[in-house]
Amino acid sequence: MGRTLQNTMINLGLQNACDEAVYQLGLDIEELEEIEEDAGLGNGGLGRLAACFLDSMATLGLAAYGYGIRYEYGIFNQKIRDGWQVEEADDWLRHGNPWEKARPEYMLPVHFYGRVEHAGTGAKWVDTQVVLALPYDTPVPGYMNNTVNTMRLWSARAPNDFNLRDFNVGDYIQAVLDRNLAENISRVLYPNDNFFEGKELRLKQEYFVVAATLQDIIRRFKASKFGSTDSVRTVFDSFPDQVAIQLNDTHPAMAIPELMRIFVDIEKLPWSKAWDITKRTFAYTNHTVLPEALERWPVDLVEKLLPRHLQIIYEINQRHLDHIASLFPDDMDRLRRMSLIEEGGTKRINMAHLCIVGSHAVNGVAKIHSEIVKAEVFKDFAELEPEKFQNKTNGITPRRWLLLCNPGLAELIAEKIGEDYVRDLSQLTKLHEFVDDDLFIREVAKVKQENKVKFALYLEKEYKVKINPSSMFDVHVKRIHEYKRQLMNCLHIITMYNRIKRDPVKLFVPRTVIIGGKAAPGYHMAKMIIKLINAVAQVVNNDPVVGSKLKVIFLENYRVSLAEKVIPATDLSEQISTAGTEASGTGNMKFMLNGALTIGTMDGANVEMAEEAGEENLFIFGMRVEDVAQLDREGYDARLYYDRLPELKQAVDQIKSGFFSSNEPDLFKDVVNMLFHHDRFKVFADYEAYVKCQEKVSELYLNSKAWTKMVIRNIAAAGKFSSDRTIKEYARDIWHVEPSDLKIPPPNEPREAAEDRTPNGTAARA
């Protein structure tokens, strides 16, 4: 979520008033804003997407709740020591959190372990261990519409009789100390991005958030007029018309068997009716195609932790496979491929398959990704139910990612086209009229230059390096992962360095290359990549021949509040994943909206950015999805490129020989070995096209006016990538609710007047 103060002031229309009031107290609001800790309760793009979605849902007047876990420790703080990443605990609640309100009156029990008893009345889950889920509510204000939604995060608490019910031999002290075991569930965020770690505590976290949330939703449904009770039994027929639940990846997939357990075991609905309601309630968003990221929980673990849920999953699978077998008799291989249970070695539950079978809609997050989902990852399912599969291209909130972080540009745009674009970003197309307006061109360039000077001062303060603010700011910030190919950027840096050394008097367009991002603590290769970047920076930044032509900075502890500083100052945005690996990307959109040009592959939302702006207004290079597939068929041989390209050979040899690690010449042998022998992401195959494309970038940068005109064309084409547009599509195509652009009357307006202004039938549910 990042910080909340400035976002709240903007959405309430109070920023100027607060700035002025604080100024009159002799204080600087920016200094105050810098004191607030980031709420970092997720990894990379998936968590930030949810935050943008909450902002858009409130701004569109949807009655929507964001549910998650109130981790005591969020994503770790990254320190760089001697070029290595070191993790520190993110004790973000140390000074308290003024934005949250604990709601103990809505505390709910969550059950684990135990066993299942089958009686005439149905299954009973007994002898369980209970953990309490305590909700904390954070307000989510819409932009200037008096709507305030709720983000409800669950914290784990041990019941007061924890470990004391069992006629304990009387170790009272130990029993109280053991309360920590239960409360550890919400202690810490697992820091993996695009990687599945099948740990018991992680599965506990996933079930914890799901079980508490579903009880909360059902309690609210029963309390509403829709769940009108005939005192004994609620009628759940209208449940999917009143409730829509969007599964953000497979992490909350246990919601599907949990809702079935509630309907069948507790509410005593017949299976077929319960299943119909469940399917109509859930929809699933897939966020990655990397096989190592897909959740596959061992059956033994689920059986121990959630025995009733395993039985329900088996029953769902049996009925699912019976259906497939009736359509494709004797096709055993299809049954194996489509089963929710993977046999062979340890039996595992394929959570994505569970989500597809248990949902009425499945979507990818960019056109190209949704096509790959249908044609490859879930091909059998898409053939069976093509109407179930959709695309919903990701977006970003223009409130945080333009108004808040780049007020200079936001104001400049408002002067030209008015202020309405903030709620309707498609209006940015009006900027096309000003692409040849010399004054506007100069003003856009001036805002960028001011942002660069401000960020350069920040870098000089934090990193003690002198930055040339007229150099091109070439920025690559995102989680560190092999598929995102920070290594390819690194090879380009080394190539630029070698060219300067070879011919120091030749014209060279000065660059400040900024790379930042966190590596999962257990991801050895990602940590080596960080060390390599820092080792290269050490050599480049201290070479007097290079001087101010080339500087390399690794941005420590990349997070939302740092993104808000670096993105507005960026000239060139690096979006260079291997085609077919980045589901969408959202950083790409933030840079586009903030006046950076993109160098990128035809991957994720880059494809649609090129479609919107015109391919000639992005620096697109490298293999397309088809080329990658072709290379896979032929067999990728890294050595071919190494032998054919002298500059690549030189760069790789320098890494290998210890040119960048003279104290430990074979420090990077694992990296070099990977690049030659098991590089799934084919860095060498795109190196030549990347370097040539970078030469075009430098050439254009020399012509400030032509560069800025291209920037304006990009900003004018960024409207599609508002999360408001994304959420309108979810609302229309999946949740079947109508966004309301009506401004709710402020609380100081009399109630009767308020009722007159509320139209019937616009109540949304999501």
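Is R103, at 23% relative accessibility, counted as buried, partly exposed or exposed? R103 counts as partly exposed at that value. The legends below describe close-up views of a predicted model.

**View 1. The salt bridge between D137 and R103.** The two side chains meet with 3.1 Å between N and O. D137 belongs to strand β8 (residues 129-141) and R103 to the loop between β4 (101-102) and β5 (108-112), so the pair ties together parts that lie 34 residues apart in sequence. D137 has 9% relative accessibility and counts as buried, while R103 is partly exposed.

**View 2. The salt bridge between R400 and E564.** The closest N and O atoms of this pair are 2.7 Å apart. Because R400 sits in helix α17 (residues 398-404) and E564 in helix α22 (residues 560-566), the contact ties together parts 164 residues apart in sequence. R400 is buried at 5% relative accessibility. E564 is buried at 11%. Elsewhere, salt bridges with shared partners join D331, D333, R334, R336, R337, K379, D380 and E383 into one network.

**View 3. The salt bridge between E30 and K454.** A search of the whole structure finds 67 salt bridges, and E30 with K454 forms a salt bridge with its closest N and O atoms 3.3 Å apart. E30 lies in helix α3 and K454 in helix α19 (residues 438-463), so parts 424 residues apart in sequence are tied together. E30 has a relative accessible area of 42% and is partly exposed. K454 is exposed, with a relative accessible area of 53%.

View 4. E36 is placed in the loop between α3 (29-35) and α4 (44-59). A polar atom of the E36 side chain lies 2.8 Å from the backbone nitrogen of T4. Apart from neighbours within four places in sequence, E36 has contacts with R3, T4, L5 and W99.

**View 5. The open sheet of 6 strands.** The strand order is β19-β18-β17-β20-β21-β22, with parallel pairing. β19 (550-555) and β22 (619-620) stand at the edges with a single partner strand each, so one side of each has no neighbour in the sheet. Strands β17 (residues 472-477) and β18 (residues 511-516) are joined by 6 bridges in the parallel sense. V475 has I514 of β18 as its bridge partner.

**View 6. The position of M496 in helix α20 (residues 486-502).** M496 is buried, with a relative accessible area of 5%. Leaving aside neighbours within four places in sequence, the residues in contact with M496 are F508, R511, V513 and L550. The C-alpha atom of M496 is separated by 49 Å from that of T346, which is 150 residues away along the chain.

**View 7. The hairpin of β2 and β3.** Strand β2 (residues 77-81) pairs with strand β3 (residues 84-88) in the antiparallel sense over 5 bridges. N77 stands opposite E88 in β3. The hairpin has 2 residues between the strands, and D82 takes a positive phi near 55°.

**View 8. Confidence along the chain.** The chain averages a pLDDT of 95, and 96% of the residues score at least 70. Over residues 753-766 the pLDDT is below 50, and this stretch has 27 contacts in the model beyond near neighbours in sequence.

Notes: Residues numbered from 1 in each chain as written. Predicted model: local features only at pLDDT ≥ 70, side-chain atom pairs only at ≥ 80, totals over all residues. Heavy atoms only, no water. Helix = DSSP H or I, 4+ residues; strand = E, 2+ residues; numbered from the N terminus. Buried < 20%, exposed > 50% of the residue type's maximum accessible area, 1.4 Å probe, protein only. Contact = heavy atoms within 4.5 Å. pLDDT = per-residue confidence, 0-100. Polar contact = N/O pair within 3.5 Å; in protein donor to acceptor, adjacent residues only side chain to side chain. Pairing = 2+ DSSP bridges. Salt bridge = Lys/Arg side-chain N within 4 Å of Asp/Glu carboxyl O.
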